[in-house]
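Let's take a walk through this structure together, one piece at a time. Have a look at it first, then read on.

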Amino acid sequence: MRRNVAIIGCGQTKHSSKRRDVNLAEMVSEAVYNALEDAQVSPRDVDAFVVGNMQGFGGIAQPEQWLGDSIGAPGKSVIRIATGGTTGGSVGQGAYYTVASGLHDVAVAVAWEKHSDSKEAGATTGLLHVGLGNFFHAASYGLSLKNLVATSAVGAAAGVAVYQAMFYMYRSGCSIEHFDMVAAKARRNAAKNKYAHLQWPGCTQEDIAKTEMVVYPFRYGHICPASDGASAIVVAEENLARKKARQPAWFKGLAAYSDEENQLQSENFGGVGVLDPSEQKGCWMSATKAYEMAGIKDPKKEIDIAEVYQPFPSQELIFAERLGLFDEGTAWMALEKGETDIDGRMPLDPSGGVNATNAIGSTALQRILECALQIMGKAEEHQVPRKVHNAVAHGWGGVTSYITVTVLGDSPGR
Amino acid sequence: MKSKSEIVEVKALPFAAGFNWSTGFQMQRFIQELANRKILGAKCPECGYTYVPPRSRCGKCYTKIGEENLINLSGKGTLVGYTTAYVKLDGQGNFQDLEEPGIIGAIKLENADSTIFMPLEGIKPRDVTEGLKVEVQWREETKGELADIRCFKPT
């Protein structure tokens, strides 16, 4: 029998391109201690840590080994989880399992990325590093290593997302202007979030449309930054949660699925895996399972806000549909009507999302954290204007096919 | 035994991954002060535990340790453990015999609680014992680099 579990505190660092003033351990500890302070929990009261960043990123193979001392982990249970871009989602869910199982009463989930520790720009070094692991394996199928690197690592996640976006445009009838609208909204929302990276108050669709084309259909203004930063949540069992937090953010349902829609099996292998990379069946499966656990029958009516993992604007539209928030191929119409704005009917990424802030390993944990802030009423300037009862947090990554979906609510729901 | 067709040979990678880690403000001061032949430790303002090299958060009592908590250490200390190495790696994945065995000591500096690991010279392996009093040896020209500390020798 699983226990009721809630988030009782959230902490982040300010996100920026370069945090050269701190080392990795110091940066991560900022987020942890901010979260503990927000939860009014002493480090002594924490039983367990679940931590993670992208495997291989930052060039430190076992970062948890040397930052443990800095986050108060000595003598406590520590687990590191690395599931690619979804890492933060898995780390958040890991903290849930730790407490729901009854094994521990208070757990801290913390995730991070420090891109500036890499010599090359953005996430290049990290991706090449990860690439090594995956590409040697791919090479054993007889594929040229150089081609593989060129098509997927150097193109980074964009190399995957362009095909996905093209399929979605064809299928739904949306156009590149809708991607301009999503990106402008992300930067406008980020301007209201003091921890966000790319902040652009009053950014318009036209502002984004003026930026140069990088790889069709993505313009420079569509693409997420590479951020340094960390995010942490404090997760507690029911009694402590009720004592510590005026409004805890309860875990109501969660799931994580993957399907064969895999970078190494789709476009890079001539499309043997799936035909439509925007199908994202793993997201649909995760959402279905998480809603079932949460007792949510009609997400369109019962979900109040969503934090969708959208490093590229097309993904906000694709995944919002896969999360059951809009009918197939219609999210862009809701976007046009302003329904996905902070004050809209179904706000998507009121924080600005991954499109504005992208410390890769922590991005999916940030989605959970941002949903918690909205439920707890602590989102400050980007708080949505109405009471949030249920929120859904999404993560996308792995080798582009692994999905986490986490449903939070203002009551435990059972 | 694998047949040849099962093996994909990779002769060279089309890229190299480089890193550029930031050290943090405490470690930065530590490295800079080596140029002045000074070894800095960080003393926790709460529990007094002293770390060398310095750090910014106490692993014992979780207290924040600031730049104001840096203290000068004498460079003298006590050997608390050691090992003797007889081979080194040649950079090609092979072992090479050392001309002279090398001693690596775990050294607790005066007024510090943590230990540092450094080469120990000026003593034969058979004469080394725990509790030996040792002292830092600087390289001729100190530049504010970790390599400024050449080794330790018995006092």
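Let's start with two strands of chain A: β2 (residues 48-52) and β4 (residues 106-114) run parallel and are joined by 5 bridges. One of the bridged residues is Phe49(A), whose partner in β4(A) is Val108(A). Strands here are DSSP runs of E with at least two residues, helices are runs of H or I with at least four, and both are numbered from the N terminus; two strands pair if DSSP finds at least two bridges between them.

Before going further, note that this is a predicted model, where local features need pLDDT of at least 70, side-chain atom pairs count only at pLDDT 80 or more, and totals for chains, interfaces and linings use all residues. Residues are numbered from 1 along each chain as its sequence is written, with chains lettered from A and ligands numbered from 1 in the order in which they are written.

Now zoom out. In chain A, 9 strands make an open sheet with mixed pairing, ordered β3-β2-β4-β7-β1-β8-β11-β10-β9. At its edges stand β3 (77-80) and β9 (305-307) of chain A, each with a single partner strand, so one side of each has no neighbour in the sheet. From one strand to the next, the twist averages 25°. Helix α1 (residues 24-39) of chain A packs on this sheet and touches β1 (5-12), β4 and β7 (228-237) of chain A; contact means C-beta atoms, placed from the backbone, within 7 Å. The direction of α1 makes about 130° with that of β1(A), on a scale where angles run from 0 to 180 degrees between N-to-C directions and axes are lines fitted to C-alpha atoms, for helices over the stretch in contact.

Note on methods
Contact = placed C-beta atoms within 7 Å.
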